[in-house]
Amino acid sequence: MDEKALTTLEYPKIRERLAGYASFSLSADLARQLTPVSSLEEALEKQARTREARYLLSVNDSVTIGGARDIRDAIDLARRFGVLDSPTLLEVKNTLVAARNLSRVFSKTGGEYPALQIIAAPLPPPAGLVDSISKALSDKGEILDNASPRMASIRSELGVAHERLLSRLQKLVSDPRTAPMLQESLITQRNEIGRASCRERV
């Protein structure tokens with residue numbers, strides 16, 4: 001069936017309405033790309049998937065893909081050996097966790113949804129990938145100390161330097177020779193790297 005006939009039948013409007021029910025952009029794109037099939041076998045297969053999905057949601061409304069994101073751009077960048085930033089890695093992790101959870105749903109159904117299980121078969125993420133991201137990043141996207149031995153060493157060195165700096169500043173503001181020149185003997189930490197300052201009397 002050509003595009004002109006589909007337009008006459010207002011098929012694009014049907015696809016757009018279906019896309020409106022999609023949970024995220026990838027699902028919406030797939031809905032907009034749907035076309036009628038010419039094979040009876042393929043039509044029956046798609047009907048079986050739809051029938052199973054409707055029944056599954058009617059008996060188990062906790063089934064969800066919550067947390068999944070459209071990570072196509074991230075995958076493309078990774079394939080080209082690009083560097084993914086922390087927010088993107090968290091999106092990848094959350095998407096993999098959502099896929100893993102959905103896969104577990106079908107692993108517990110005992111073959112009750114054969115058409116959907118074919119789709120769900122490749123869902124489990126590569127072994128260790130979710131754990132690797134979790135060990136490197138907090139839920140807020142902050143790089144953790146145990147992300148790597150080098151990171152732990154750098155954080156330790158920064159901590160020691162920070163304590164030494166505060167100690168020297170404390171001696172400075174407590175020194176009788178410099179205290180009169182300061183408006184207040186208060187050391188203020190301005191940011192996470194431990195910069196401290198005191199105000200000079202003017």
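Biologist: How many salt bridges does the structure hold?
Modeller: The structure holds nine salt bridges. The term needs a side-chain nitrogen of Lys or Arg within 4 Å of a carboxyl oxygen of Asp or Glu. This is a predicted model: local features need pLDDT of at least 70, side-chain atom pairs count only at pLDDT 80 or more, and totals for chains, interfaces and linings use all residues. Residues are numbered from 1 along each chain as its sequence is written, and side-chain values use heavy atoms, with hydrogens and water left out.

Biologist: What makes Glu-10 and Lys-13 a salt bridge?
Modeller: Their closest N and O atoms are 3.5 Å apart. The limit is 4 Å, so the pair counts.

Biologist: Why do Glu-10 and Lys-13 fall into separate accessibility classes?
Modeller: Buried means under 20% relative accessible area, exposed over 50%, and partly exposed in between (1.4 Å probe, protein chains only). Glu-10 has 42%, so it is partly exposed. Lys-13 has 57%, so it is exposed.

Biologist: How do you know that Arg-32 and Asp-29 meet in a salt bridge?
Modeller: N to O, their side chains are 3.5 Å apart. That is within 4 Å, so the pair qualifies. Arg-32 and Asp-29 both lie in helix α3 (residues 25–32), three residues apart, or about one turn. A helix here is a DSSP run of H or I with at least four residues, a strand a run of E with at least two, both numbered from the N terminus. Arg-32 has a relative accessible area of 37%, so it is partly exposed. Asp-29, at 25%, is partly exposed too.

Biologist: What makes the pair of Phe-106 and Tyr-113 edge-to-face?
Modeller: Their ring centres are 6.4 Å apart and their planes stand at 85°, so the pair passes both tests. Phe-106 is buried, with 7%. Tyr-55, Phe-106 and Tyr-113 form one aromatic cluster.

Biologist: Which residues make up the largest nonpolar core?
Modeller: Eight residues: Ile-71, Ala-74, Leu-90, Val-92, Leu-96, Val-130, Ile-133 and Leu-137. They count because such a core is a set of buried Ala, Val, Leu, Ile, Met, Phe, Trp, Tyr and Cys residues joined through side-chain atoms within 4.5 Å. Two or more residues come from each of α6 and α8 (129–136). With three residues, α6 gives the most. Another core, of seven residues, lies apart; Leu-102, Phe-106, Leu-116 and Ala-120 are among them.

Biologist: How do you know what span is expected for α6?
Modeller: The expected span is 1.5 Å times one less than the number of residues. α6 has 22 residues and reaches 31 Å from its first C-alpha to its last, close to the expected 32 Å.

Biologist: What covers the buried residues of α6?
Modeller: The cover includes α4, α5 (72–79), α7 and α8. Among the buried residues of α6 are Ser-86, Lys-93, Thr-95 and Ser-103.

Biologist: With what is Ile-71 in contact, leaving aside neighbours within four places in sequence?
Modeller: Glu-91, Val-92 and Thr-95. Contact means heavy atoms within 4.5 Å.

Biologist: How many helices and strands are in the protein?
Modeller: Nine helices and two strands. Of its 202 residues, 22% count as buried.

Conventions
Rings of Phe, Tyr and Trp (its six-membered ring) pair if their centres lie within 6.5 Å; planes under 30 degrees apart count as stacked, over 60 as edge-to-face and the rest as tilted.
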